[in-house]
Amino acid sequence: MGEHPSPGPAVAACAEAERIEELEPEAEEQLPAAPEDHWKVLFDQFDPGNTGYISTGKFRSLLESHSSKLDPHKKEVLLALADSHADGQICYHDFISLMSNKRSNSFRQAILQGNRRLSSKALLEEKGLSLSQRLIRHVAYETLPREIDRKWYYDSYTCCPPPWFMITVTLLEVAFFLYNGVSLGQFVLQVTHPRYLKNSLVYHPQLRAQAWRYLTYIFMHAGIEHLGLNVVLQLLVGVPLEMVHGATRIGLVYVAGVVAGSLAVSVADMTAPVVGSSGGVYALVSAHLANIVMNWSGMKCQFKLLRMAVALICMSMEFGRAVWLRFHPSAYPPCPHPSFVAHLGGVAVGITLGVVVLRNYEQRLQDQSLWWIFVAMYTVFVLFAVFWNIFAYTLLDLKLPPPP
C-alpha cells in the first residue's frame with residue numbers, strides 16, 4: 001500500500017491518442033500467455049476472504065509487483081481503472097475482463113483517456129442534472145450492477161438510436177389487437193370468440209408447417225387483460241434494457257424467448273394453439289430479475305426487494321390466468337384454448353441466454369464461454385423441436401383438432 005503513485009492515465013492517453021485509437025493487437029500480444037486462473041491466484045492473495053473485491057491500494061500493489069509482465073498500455077488502463085473507482089474497491093470481474101480483452105475497445109479506450117465521468121465521483125452525488133440526464137442515470141442504476149459500467153453508460157449514451165425495437169413491437173401488438181377487436185366486436189377475452197383462431201397469425205398445431213406462425217403469434221392476445229400486462233412489462237423492463245444493451249442484444253433475447261415459447265408448446269402441449277407475447281416478455285423480465293439477484297449488492301435501484309416481489313406477483317397472476325384459460329371449457333371444441341407453456345419457454349431463455357447478455361455490458365459475447373454453451377443448448381433444443389414437429393405427431397398417432 002503506502003502512497004499511491006501518480007500514473008496520470010489521462011495525460012498519457014491524450015499524448016498518444018492516435019497511436020492507441022484501438023488498444024493495439026500487437027501490444028496485447030506482448031502479454032504473457034497467462035490463463036485467467038493465473039490472475040485469479042494473484043488476485044486472491046490480496047483477497048483472502050474471497051469477496052471478489054480488493055482495495056485500490058492493494059490493486060496498485062498487485063500491478064506494481066507484476067509490472068514486468070504487463071504491456072505498458074495494459075498497465076496504464078488498469079491504473080486508470082483504479083482511479084475511476086470512487087468507492088475504493090476493484091472488482092475481480094472488471095479486472096479479468098480487461099486483462100483478457102473481453103471489454104470492447106471503446107470501453108477500454110474511454111478508461112485510458114481518463115473519461116470525465118469515469119474519474120469523477122459517484123453518479124448519485126452529481127448535482128444540477130437536467131431531466132434527461134436524471135433519466136439516463138436512473139436507467140443506469142436500474143440495470144447495471146457496477147459503478148464503472150454506470151458511469152461509462154451515463155457519459156456515452158446519446159439516445160441515437162432510440163430504443164426502437166421494444167417500442168415498435170409494442171405499437172404493432174396494440175395495433176393488431178385493436179384491429180382484431182373491431183373485426184370481432186370483442187376486446188375482453190377475445191380468445192373465446194368462435195372466429196378468433198381463424199387469424200393467420202395464430203400458432204395452431206394443425207398449421208405448424210406454416211413457419212411464420214412460430215413468431216407472429218405474439219401479435220395476437222387473449223384479451224385486453226392479457227395485452228395490458230405484457231405491454232406494461234415490455235415498456236417498464238424492455239425499454240430500459242434496450243437503452244443500455246442495444247436493440248440487437250435485447251431483440252435477440254426477446255425473439256429467442258418467443259420462438260422457444262411456441263416450440264415448447266409444440267413439444268409439451270401438442271394439441272393447443274399459442275397467442276401472446278409472453279414468451280418474449282418473460283425472457284426479458286426473468287433475465288432482469290435473475291441479474292438483480294446475482295448482483296444483489298451491486299444493484300443500487302431503490303426498493304429492489306419490494307419491486308421484485310411486485311414483478312413476481314404480476315408474472316404469477318398472468319401465468320395463473322393462462323393456466324386457468326387453458327383448462328377452461330373451449331369456445332371452439334375440440335380445440336382447447338391457448339397454451340401456457342410459452343411462458344415457461346421464455347423463462348428458460350431468460351435465465352440462460354438472457355442472463356449472459358445482461359451480465360456482459362460492453363463486453364464481447366463471443367468471448368464468453370457461457371454464451372456459447374447456452375447458444376449450443378438453444379440450438380439443440382430448436383433442432384429437437386423441429387424434428388419432433390416433423391415426426392412425433394405421426395409416430396404418436398396424435399389426434400389433433402381440425403384446422404380453424
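Modeller: Before we start, UniProt positions are given in the numbering used here, feature names are shortened, and annotations may be inferred rather than shown by experiment. This is a predicted model, where local features need pLDDT of at least 70, side-chain atom pairs count only at pLDDT 80 or more, and totals for chains, interfaces and linings use all residues. Residues are numbered from 1 along each chain as its sequence is written, and side-chain values use heavy atoms, with hydrogens and water left out.

Colleague: Fine. Which residues does the "active site" annotation cover?

Modeller: Ser278 and His343, according to the unreviewed UniProt entry. They span 66 residues in sequence, yet no two of their C-alpha atoms are more than 5.6 Å apart, so they gather at one spot.

Colleague: Where does Ser278 lie?

Modeller: Ser278 is in helix 13, residues 278–294. Helices here are DSSP runs (H or I, at least four residues; strands are E, at least two), numbered from the N terminus.

Colleague: And His343, which helix?

Modeller: His343 sits in helix 15, residues 341–359.

Colleague: Is Ser278 buried or exposed?

Modeller: Ser278 counts as buried, at 2% relative accessibility. Buried means under 20% relative accessible area, exposed over 50%, partly exposed in between (1.4 Å probe, protein chains only). His343 is buried too, at 4%.

Colleague: What joins the side chains of His343 and Ser278?

Modeller: A polar contact of 3.3 Å. That term means a pair of N or O atoms within 3.5 Å; within protein, one must be able to donate a hydrogen and the other to accept it, and residues adjacent in sequence count only if both atoms are side-chain atoms.

Colleague: What else is Ser278 in contact with?

Modeller: Leaving aside neighbours within four places in sequence, Ser278 touches His226, Asn230, Glu318 and His343. Contact means heavy atoms within 4.5 Å.

Colleague: Glu318 turns up in both. Which residue forms a salt bridge with Glu318?

Modeller: Arg321, with the closest N and O atoms 2.9 Å apart. A salt bridge is a side-chain nitrogen of Lys or Arg within 4 Å of a carboxyl oxygen of Asp or Glu. Arg321 and Glu318 are three residues apart in helix 14, so about one helical turn separates them. Glu318 is buried at 3%, and Arg321 is buried at 18%.

Colleague: How many salt bridges are there by this rule?

Modeller: Four. One of them pairs Arg326 with Asp269 at 2.9 Å, N to O. Arg326 lies in helix 14 (residues 304–327) and Asp269 in the loop between helix 12 (224–268) and helix 13, so the pair ties together parts that are 57 residues apart in sequence. Both residues are buried.

Colleague: Which residue does Asp149 pair with?

Modeller: Arg146, at 3.2 Å between the closest N and O atoms. Asp149 is buried at 0%, and Arg146 is buried at 10%.

Colleague: New topic. Where is Gln210?

Modeller: Gln210 is in the loop between helix 10 (164–184) and helix 11 (213–216). Gln210 counts as partly exposed, at 25% relative accessibility. A 2.5 Å polar contact links the side chains of Gln210 and Arg213.

Colleague: Last one. Where is Ile390?

Modeller: In helix 16, residues 369–395. Ile390 counts as partly exposed, at 48% relative accessibility.
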